[in-house]
2 protein chains.
Amino acid sequence: MATEAAPISYEDLAAIEAEFQEIDTEMMRKQHAASRTAYARRAEAVARIPNFWPLVLEQAPPEIDQHIHSHDSRVISEHLTGVSVTRVELEEEEEGGATAGDPRSLRIRLEFSPNDVFSDEALEKTFWYRRARDGWTGLVSEPVRIHWRKGKDATEGLTDGAVALFEAREKAGDMRAKGLAEYAALGKKVEHWNGANTSFFTWFGYVSGRRYISAEESEAATAEYRRRRDARKHGEQVDVETAGGSEDQDDEEAEDDQAVEVHEAGEELAVAFAEDLWPDAIKLFTQAQEMGEMSDPEFEEDDGEEDDDGSEEEVVDIRSLVQSTGKAKSRDSSGPPAAKRAKR
Amino acid sequence: MATEAAPISYEDLAAIEAEFQEIDTEMMRKQHAASRTAYARRAEAVARIPNFWPLVLEQAPPEIDQHIHSHDSRVISEHLTGVSVTRVELEEEEEGGATAGDPRSLRIRLEFSPNDVFSDEALEKTFWYRRARDGWTGLVSEPVRIHWRKGKDATEGLTDGAVALFEAREKAGDMRAKGLAEYAALGKKVEHWNGANTSFFTWFGYVSGRRYISAEESEAATAEYRRRRDARKHGEQVDVETAGGSEDQDDEEAEDDQAVEVHEAGEELAVAFAEDLWPDAIKLFTQAQEMGEMSDPEFEEDDGEEDDDGSEEEVVDIRSLVQSTGKAKSRDSSGPPAAKRAKR
């Protein structure tokens with residue numbers, strides 16, 4: 001222990017972390033480019049396996065699984081027909097849009113067959129990687145409206161309330177406004193449920209773990225961050241992390257916005273979709289197949305009363321639909337546990 | 001749901017998975033090359049922070065933390081002076097050794113100051129990524145002897161027993177031999193403890209989640225695997241995963257070897273060191289700093305009776321040793337949770 005050496009500051013450590021983050025981001029771009037054709041091939045294959053995605057969700061990692069509750073299970077097990085995760089800014093880049101998109105921005109799309117819970121054929125949620133004035137970085141998302149069938153809103157008005165507030169703020173031209181009726185109404189709902197609303201679909205109303213950060217604020221903060229980072233590289237004594245703004249004011253505003261946040265772990269859930277469920281889908285599906293006989297009664301439970309579209313048989317006999325020539329067993333013990341595999 | 005399309009076989013899915021694995025492996029190489037200098041810079045910085053690694057371990061992810069028990073805590077909190085994780089085959093490659101080393105092989109090294117538990121200055125464990133005849137792939141490791149001080153073996157003879165069996169098998173020229181006295185002795189110990197021996201250090205006796213696979217077997221199986229993979233790419237109907245050997249025989253042998261395996265999650269622990277703790281070390285250290293006042297009493301508990309080298313003060317006032325200019329707080333909410341960050 002070289003206790004006699006000069007002390008290290010938090011800024012020194014932060015600068016090293018920033019360097020790692022830049023490498024990570026660059027690697028995510030390379031990974032994306034390298035795995036495009038493999039993902040296309042997978043999409044083609046799994047489209048030919050009925051109930052592929054419901055079975056994957058059945059084996060979802062805990063970060064996702066803990067948010068899927070018994071009353072969400074039916075619509076997922078019987079009606080989920082497709083999942084896709086895209087690195088949305090990289091896709092836009094490839095389509096000739098903005099260059100230098102951030103690979104951490106995500107779009108998660110779930111497709112459903114016609115059902116008696118909501119009328120949407122797909123629910124698509126986009127998470128933008130943004131930087132706030134005060135140095136906070138993370139994913140923010142616009143709340144997504146779900147068109148619930150009458151009396152079927154599993155989120156008890158939380159997604160509707162989140163959309164209403166977001167739209168009211170856009171109309172008011174102030175994304176931090178809290179004098180609005182919609183703010184009070186949603187705050188009341190959030191306080192009432194206090195994390196106890198247990199529908200997976202509440203996630204679609206998620207905005208941010210701090211507050212909504214606009215593209216403009218993020219661009220300005222990122223430019224300032226880069227300026228400081230470069231100055232630091234040239235030996236100037238600057239704090240790389242905080243680009244400006246009063247931190248106390250920001251903290252207060254963030255607190256006010258967390259009072260109207262409908263989901264407590266929206267970012268974590270999005271990242272688990274992108275980094276665990278999506279790359280590991282075939283492995284999770286194979287696990288679900290192997291669970292075979294000892295299938296999870298909660299997940300496959302048929303609620304006959306609510307199920308009036310005759311779709312029960314879709315759940316039955318799923319596992320026989322994938323042809324095996326008998327070697328599935330040996331894959332069980334192959335490689336590290338799914339959750340710990342290198343991420344793509 | 002395109003139920004009318006031709007069915008997909010497990011072999012089709014396995015081939016896609018194999019393609020993803022190849023991309024992953026290639027990305028791990030790129031990652032390794034891209035982050036070398038950043039890791040060197042980090043090593044230099046953290047060497048100047050006393051108790052950096054004990055604080056990181058204090059915030060270790062659950063895959064590691066669950067294996068660190070109260071009687072392991074003291075030697076870790078007071079005597080752990082260094083941690084390093086290397087992609088051992090890539091390092092050997094760079095030093096002019098074997099080419100095309102597998103980036104999944106790991107070497108984890110823990111360094112300790114003089115203590116009253118064991119006389120080793122460092123404990124170093126190497127995990128080799130290997131492929132068995134029957135298609136199993138994973139990390140295998142030679143058991144590492146710990147030179148316990150008298151009466152201080154926290155593993156209750158499990159590491160010694162694992163080393164003794166390994167050496168006896170090497171001497172017998174048969175790594176699967178089970179007629180040996182060392183096999184019977186270790187089997188008895190493992191059965192007795194049945195996962196209830198709760199020292200972190202038992203991990204150093206770990207061999208494999210299946211059985212020990214020699215470098216020779218792995219090379220032969222990998223060559224055969226590649227031959228099959230290429231044949232499949234050219235349209236032949238072959239099973240890519242299983243390179244040969246009787247699977248039933250292999251299963252039986254694996255079972256016999258699991259009866260003398262001293263650790264139930266050795267591979268998972270190694271991968272958590274390499275993919276979570278190692279890349280996230282600064283973040284975990286910062287978290288530990290922020291825990292500051294609400295520090296974990298179990299971890300920092302001083303057992304005065306056993307501590308006879310006057311080192312108590314090392315634990316005290318650690319947090320003041322890192323200089324802050326006051327912005328640590330904003331890093332708290334910065335970016336996704338540590339465990340979910342993109343892996344390096």
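The model is predicted. Its largest nonpolar core has 112 residues. One helix pair described here lies within chain A, and another joins chain A to chain B.

**Helices α6 and α7 of chain A**

- Helix α6(A) spans residues 158-172, and helix α7(A) spans residues 181-193.
- Their axes come within 9 Å and cross at roughly 150°.
- Angles over 145 degrees count as roughly antiparallel, so α6(A) is roughly antiparallel to α7(A).
- The α6(A)–α7(A) crossing is left-handed.
- On the α6(A) side, the contact uses A:Leu158, A:Gly161, A:Ala162, A:Ala164, A:Leu165, A:Ala168 and A:Arg169.
- Facing them in α7(A) are A:Glu182, A:Tyr183, A:Leu186, A:Lys189, A:Val190 and A:Trp193.
- By class, this contact of α6(A) with α7(A) holds nine nonpolar, one polar and three charged residues.

**Helix α1 of chain A against helix α11 of chain B**

- The crossing of α1(A) and α11(B) is left-handed.
- Chain A contributes A:Tyr10, A:Leu13, A:Ile16 and A:Glu17 to the contact.
- Chain B contributes B:Ile282, B:Lys283, B:Phe285, B:Thr286 and B:Gln289.
- The residues of this α1(A)–α11(B) contact are five nonpolar, two polar and two charged.

**Nonpolar cores**

- Within the largest core, A:Phe201 and B:Phe201 have the most contacts.
- Beyond its neighbours within four places in sequence, A:Phe201 touches residues including A:Asp72, A:Val75, A:Ile76, A:Phe112 and A:Phe118.
- Other contacts of A:Phe201 include A:Leu123, A:Ile146, A:Trp148, A:Thr155 and A:Thr159.
- A second, separate core has 10 residues, among them B:Ala132, B:Val140, B:Val207 and B:Ile213.

**Positive phi angles**

- Most residues other than glycine have a negative phi.
- A:Glu156 is not a glycine, yet has a positive phi of about 55°.
- A:Glu156 sits in the loop between β4 (137-141) and α6 of chain A.
- With a relative accessible area of 44%, A:Glu156 is partly exposed.
- B:Asn51, also not a glycine, has a positive phi of about 65°.
- B:Asn51 lies in the loop between α1 (10-46) and α2 (52-58) of chain B.
- B:Asn51 counts as buried because its relative accessibility is 6%, and the cut-off for buried is under 20%.

Methods
Residues are numbered from 1 along each chain as its sequence is written. Chains are lettered from A and ligands numbered from 1 in the order in which they are written. This is a predicted model: local features need pLDDT of at least 70, side-chain atom pairs count only at pLDDT 80 or more; totals for chains, interfaces and linings use all residues. Side-chain values use heavy atoms; hydrogens and water are left out. Axes are lines fitted to C-alpha atoms, for helices over the stretch in contact, and angles run from 0 to 180 degrees between N-to-C directions. Helices (H or I, at least four residues) and strands (E, at least two) are DSSP runs, numbered from the N terminus. Angles under 35 degrees count as roughly parallel, over 145 as roughly antiparallel, 65 to 115 as roughly perpendicular and the rest as oblique. A crossing is left-handed if the near helix is turned anticlockwise from the far one by less than a right angle, and right-handed if clockwise. Contact means heavy atoms within 4.5 Å. Ala, Val, Leu, Ile, Met, Phe, Trp, Tyr, Cys and Pro count as nonpolar, Asp, Glu, Lys and Arg as charged, and the others, Gly among them, as polar. A nonpolar core is a set of buried Ala, Val, Leu, Ile, Met, Phe, Trp, Tyr and Cys residues joined through side-chain atoms within 4.5 Å. Buried means under 20% relative accessible area, exposed over 50%, partly exposed in between (1.4 Å probe, protein chains only).
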